[in-house]
Amino acid sequence: MSRFDVAIVGAGVAGLAAAAFLRRRGVRIVVLEATQRLGGRVFTDRPALLGGVPFDHGASWLHSGRRNVLTRIGLARGAALAESPRGRRRLLVVAGRRASAEEEAALEAAEERFEAGLQALAAVPPDRSFAAATDALGPDPWYPTLEAIEADLISAAPPGEFSLRDWQANALEGANFIPPEGLGPYLLTLLAPLAGPVMLGTEVSEVAWQEREGVRLLTRRGEVLARAAIVTVSTGVLAHRLRFRPALPAAAEAALAALPMGLLSKIALRVRSETRLGLAPGTFALTLRPHRAAPFMTFHFWPMGRDHVIGFFGAETAWALARASAREVSAFALARLAALFGSGIRRHFVAEGVITRWGTDPAFLGAYAYARPGGHEARHALAAPLAEGRLVLAGEALHPRLAGTVAGAFESGRRAARQVWARLGGNQRKGSSG
């Protein structure tokens with residue numbers, strides 16, 4: 001049996017951040033990762049269908065860039081980052097045509113009303129669902145579209161099941177930053193060398209966290225014993241694939257139930273010809289959503305000047321297509337593009353695209369977590385150390401202000417490492433293993 005001071009479950013951003021913190025202090029750690037790669041839900045590929053250019057299957061942007069610690073670290077090290085300004089290029093389509101200047105202005109005014117109205121409602125208890133809050137604002141032709149952007153896409157959550165207070169607490173602001181070669185290589189360059197070796201292909205099936213010797217972890221490669229453990233897997237894996245012995249305390253179980261996994265999916269479609277449809281690189285295109293039940297997608301055209309478009313679809317739409325074939329998802333996306341630009345648009349794109357599959361991947365079971373109505377404090381509750389710091393949970397789901405972001409995962413991982421470091425007494429041992 002292998003013995004360590006700290007076992008870290010998961011080599012996503014939170015796990016790597018925790019590992020880097022502890023290794024620098026000479027703690028004997030082991031990092032156990034179920035998949036065959038580092039990064040978790042930060043994964044950059046170079047698909048042949050896109051001509052070998054970088055494609056981020058998961059996180060793409062460093063959100064709230066000016067206060068994002070990962071932006072500051074990268075810039076301090078001379079990393080190349082492209083800034084995406086607050087006012088991204090946006091193309092609005094209404095009734096199959098490009099919106100007029102008056103309609104564009106009406107949407108901007110509706111955005112201000114929507115934001116102000118939701119902020120006011122969020123300040124008044126009790127918490128309510130995002131959909132109930134939208135309904136309380138009264139009828140407005142623009143609100144179904146704005147609701148879909150904020151809930152379905154940004155929060156990956158069904159508006160009827162999503163906490164308004166949690167939306168308020170985790171609102172993003174300011175410019176985003178984009179690594180030109182993808183977020184995966186950027187973050188792994190920053191974190192992997194400091195985190196050290198990782199045991200890939202080592203799924204943890206059970207965490208016995210009240211053993212006399214410490215924490216015992218069961219894997220296919222055998223048992224691992226540690227004085228403490230940091231578990232950084234998604235809330236989907238926590239709830240459905242990882243067994244705790246004994247079960248987590250009732251308060252932690254309730255918090256976990258309040259933080260289900262949402263789903264935001266992407267499809268990248270490559271253009272057949274040199275046409276750019278009159279759209280500048282970086283343009284976001286969307287059509288007015290007539291009502292809450294209507295399917296909704298937005299499209300990011302020619303990201304970083306490349307010859308493909310990325311479609312985003314979330315919540316119920318994403319889950320409904322989670323097990324669909326690549327051809328079926330591509331047909332759905334092309335139909336949405338046709339609603340924007342007419343049926344002739346289809347001939348410009350390859351019929352099959354690159355599709356993300358976070359919802360069906362057993363290592364994640366979703367994209368990122370959202371809070372149910374009344375569950376806005378669950379992120380705090382689930383992050384509380386157990387057994388006097390012997391077991392600490394971490395990850396994007398457990399950051400109260402940057403949930404669903406790589407910065408939130410990074411800060412959560414470091415927080416967990418500090419808590420475990422304090423439990424170990426801060427003994428600075430030389431050397432490490434794992």
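Ala387 has a relative accessibility of 31% and counts as partly exposed. The model is predicted, and Ala387 sits in its loop between helix H12 (378–383) and strand E20 (391–393). Although Ala387 is not a glycine, its phi is positive, near 50°.

**The loop between H12 and E20**

- Glu388 is also placed in the loop between H12 and E20.
- The phi of Glu388 is positive, about 55°, and Glu388 is not a glycine either.
- Glu388 has a relative accessible area of 74% and is exposed, because the cut-off for exposed is over 50%.
- Ala387, at 31%, falls between the cut-offs of 20% and 50%, so it is partly exposed.

**Cis peptide bonds**

- Pro125 and Pro126 are joined by a cis peptide bond, with omega about 0°.
- Pro126 belongs to the loop between H3 and helix H4 (130–136).
- A cis peptide bond also runs from Arg245 to Pro246, and its omega is near -5°.
- The loop that holds Pro246 lies between strand E12 (243–245) and helix H9 (250–257).

**Helices H3 and H5**

- Helix H3 covers residues 101–122 and helix H5 covers residues 143–154.
- The two helices pack at an angle of about 65°, and their axes are 10 Å apart.
- The crossing in which H3 passes H5 is right-handed.
- On the H3 side, the residues that meet H5 are Leu107, Ala110, Glu111, Arg113 and Phe114.
- On the H5 side, the residues are Tyr143, Leu146, Glu147 and Glu150.
- Sorted by class, this contact of H3 with H5 has 5 nonpolar residues, 4 charged residues and no polar ones.

**Aromatic rings**

- The structure contains 13 aromatic pairs.
- One of these pairs is formed by Trp61 and Phe312, which are stacked at 6.1 Å centre to centre with 25° between the planes.
- Trp61 is in the loop between strand E4 (55–56) and helix H2 (69–76), while Phe312 is in strand E17 (residues 308–314), so their pair ties together parts that are 251 residues apart in sequence.
- Trp61 and Phe312 are both buried.
- Phe301 and Trp302 form an edge-to-face pair, because their planes are at 70° and their ring centres are 5.4 Å apart.
- Phe301 is buried, with a relative accessible area of 0%.
- Trp302 is buried, with a relative accessible area of 0%.
- One aromatic cluster is made up of Phe114, Phe130, Tyr143, Phe162, Trp167 and Tyr370.
- Two members of this cluster, Phe114 and Tyr143, are also listed in the contact of H3 with H5.

**Arginines over rings**

- Arg25 lies over the face of Phe21, 3.6 Å from the ring centre.
- Arg37 has its charged end over the ring of Phe43, at 4.2 Å from the centre of that ring.

- The relative accessible area of Thr317 is 16%, which is under the 20% cut-off, so Thr317 is buried.
- With neighbours within four places in sequence left aside, Thr317 is in contact with Pro295, Phe296 and Phe332.

Terms used: Residues are numbered from 1 along each chain as its sequence is written. This is a predicted model: local features need pLDDT of at least 70, side-chain atom pairs count only at pLDDT 80 or more; totals for chains, interfaces and linings use all residues. Side-chain values use heavy atoms; hydrogens and water are left out. Buried means under 20% relative accessible area, exposed over 50%, partly exposed in between (1.4 Å probe, protein chains only). Contact means heavy atoms within 4.5 Å. Axes are lines fitted to C-alpha atoms, for helices over the stretch in contact, and angles run from 0 to 180 degrees between N-to-C directions. Helices (H or I, at least four residues) and strands (E, at least two) are DSSP runs, numbered from the N terminus. A crossing is left-handed if the near helix is turned anticlockwise from the far one by less than a right angle, and right-handed if clockwise. Ala, Val, Leu, Ile, Met, Phe, Trp, Tyr, Cys and Pro count as nonpolar, Asp, Glu, Lys and Arg as charged, and the others, Gly among them, as polar. Rings of Phe, Tyr and Trp (its six-membered ring) pair if their centres lie within 6.5 Å; planes under 30 degrees apart count as stacked, over 60 as edge-to-face and the rest as tilted. A charge sits over a ring if NZ of Lys or CZ of Arg is within 6 Å of the ring centre and within 35 degrees of the ring normal.
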